[in-house]
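Please read the following note with the sequence and the model open beside it.

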Amino acid sequence: MNQDHYSTPEPPAASQPLTIKVAMPDGTLQLTTDRGVFSYGALDLGTKVLLLKAPAAPSTGNLLDLGCGVGPIAITLARRSPGAAVWAVDVNNRALRLCRDNANANGVKNVHPATPDQIDDAIMFDAIWSNPPIHIGKAAMHEMMLQWLPRLNPGATCVMVVQKHLGSDSLQSWLTAQGYPTQRIGSAKGYRILSSRAPTGRDLPPEL
Ligand SMILES: C[S@@+](CC[C@H](N)C(=O)[O-])C[C@H]1O[C@@H](n2cnc3c(N)ncnc32)[C@H](O)[C@@H]1O
């Protein structure tokens, strides 16, 4: 199936749900996947790399899974940080329904699936984790990042997994140039984990 057909509110593919169970260090992840949603019938390898290699997220506050799909990242964040609110954002309504069902099936109560415009403008995030939709193209990806990165609290980080051959190095440079110093903090199986830090007050030039 053409990958572009999942970054859309109502994917055209006929629904054919398929439930998988994946053994992870945090416990088994039970995920119902579907056609028209990213990574049908499997946990994406890049997502798995992120979940295994990323440093611990804050234990409280507001955490964002940007492009949540059926929710493996959001559910894992919610398990690891039960005191946090995990906002699971996607443009695909089928994915959001599955993310909600999967959070329930995995017994987590702190995942809040939502479309981007349903998130209250006043909410600031203590971390963003994402396996981002690189396939939407560079301009759309940059627009999406510039929509959410300014909503990181000062000094908070955005951690993303990106395939090396899908432009992780140029994304790293671009993020740094936007004022979010970005480091490669891990690398496995052709994927890179990038960590971008929101400026703190001290990063700003002194007032004249
Ligand atoms: C690479 S998939 C990752 C899905 C899920 N996090 C996982 O790891 O299985 C990227 C997701 O981003 C979503 N997406 C595309 N454009 C988006 C946008 N502008 N805002 C939020 N999510 C978007 C897609 O629908 C897709 O579910």
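**Note on the predicted model**

1. A polar backbone atom of Tyr6 lies 3.2 Å from an oxygen atom of the ligand, and a polar backbone atom of Cys68 lies 3.3 Å from a nitrogen atom of the ligand. A side chain takes part as well: a polar atom in the side chain of Asp90 is 2.6 Å from an oxygen atom of the ligand. How much of the ligand does the protein bury? The ligand exposes 590 Å² when taken alone, and the protein buries 93% of that.

2. The overall fold. The protein contains five helices and nine strands. Read from the N terminus, their order is β-β-α-β-α-β-α-β-β-α-β-α-β-β. Among contacts between residues at least 6 apart in sequence, 66% join residues at least 24 apart.

3. Overall dimensions. A compact globule of 208 residues would have a radius of gyration near 17 Å, and the 16 Å of this protein agrees with that. The C-alpha trace spans about 60 × 35 × 35 Å along its principal axes. Buried residues account for 49% of the 208 residues. The accessible surface is about 10000 Å², and 52% of it belongs to carbon and sulfur atoms.

4. Helix H1 (45-53). At the start of this helix, a side-chain oxygen of Asp44 reaches to within 3.0 Å of the backbone nitrogen of Gly46. Gly46 is itself buried, as are Thr47, Val49, Leu50 and Leu51. The buried residues of H1 pack against E1, H2, strand E6 (125-130), strand E7 (152-163), E8 and E9.

5. Length and start of helix H3. At the start of H3, the backbone nitrogen of Arg94 has a side-chain oxygen of Asn92 within 2.9 Å. The helix is followed by Gly107, which has a positive phi, near 75 degrees.

6. The buried residues of helix H3. Arg94, Ala95, Leu96, Leu98, Cys99, Asn102 and Ala103 are buried. The buried residues of H3 pack against strand E2 (27-33), helix H2 (72-80), strand E4 (83-89) and strand E5 (111-114).

7. Pro9. This residue lies in the segment before strand E1 (18-24). Its relative accessible area is 43%, so Pro9 counts as partly exposed. Not counting residues up to four places away in sequence, Pro9 touches Val91, Asn92, Asn93 and Arg94. Pro9 and Thr115 are 106 residues apart along the chain, and their C-alpha atoms are separated by 9.1 Å.

8. Thr182. A polar atom of the Thr182 side chain lies 2.6 Å from the backbone oxygen of Tyr180. With neighbours within four places in sequence left aside, Thr182 is in contact with Gln172, Leu175, Thr176, Leu194, Ser195 and Ser196.

9. Ser39 has a positive phi of about 65 degrees and sits in the loop between E2 and helix H1. Lys189 has a positive phi of about 55 degrees and is placed in the loop between strand E8 (182-188) and strand E9 (191-197). Lys189 has a relative accessible area of 65%, so this residue counts as exposed.

How values were computed. Residues numbered from 1 in each chain as written. Predicted model: local features only at pLDDT ≥ 70, side-chain atom pairs only at ≥ 80, totals over all residues. Heavy atoms only, no water. Buried < 20%, exposed > 50% of the residue type's maximum accessible area, 1.4 Å probe, protein only. Helix = DSSP H or I, 4+ residues; strand = E, 2+ residues; numbered from the N terminus. Contact = heavy atoms within 4.5 Å. Polar contact = N/O pair within 3.5 Å; in protein donor to acceptor, adjacent residues only side chain to side chain. Areas by Shrake-Rupley, 256 points an atom, 1.4 Å probe, with all protein chains shown as cover. Rg over C-alpha atoms; globule rule 2.2 N^0.38 Å.
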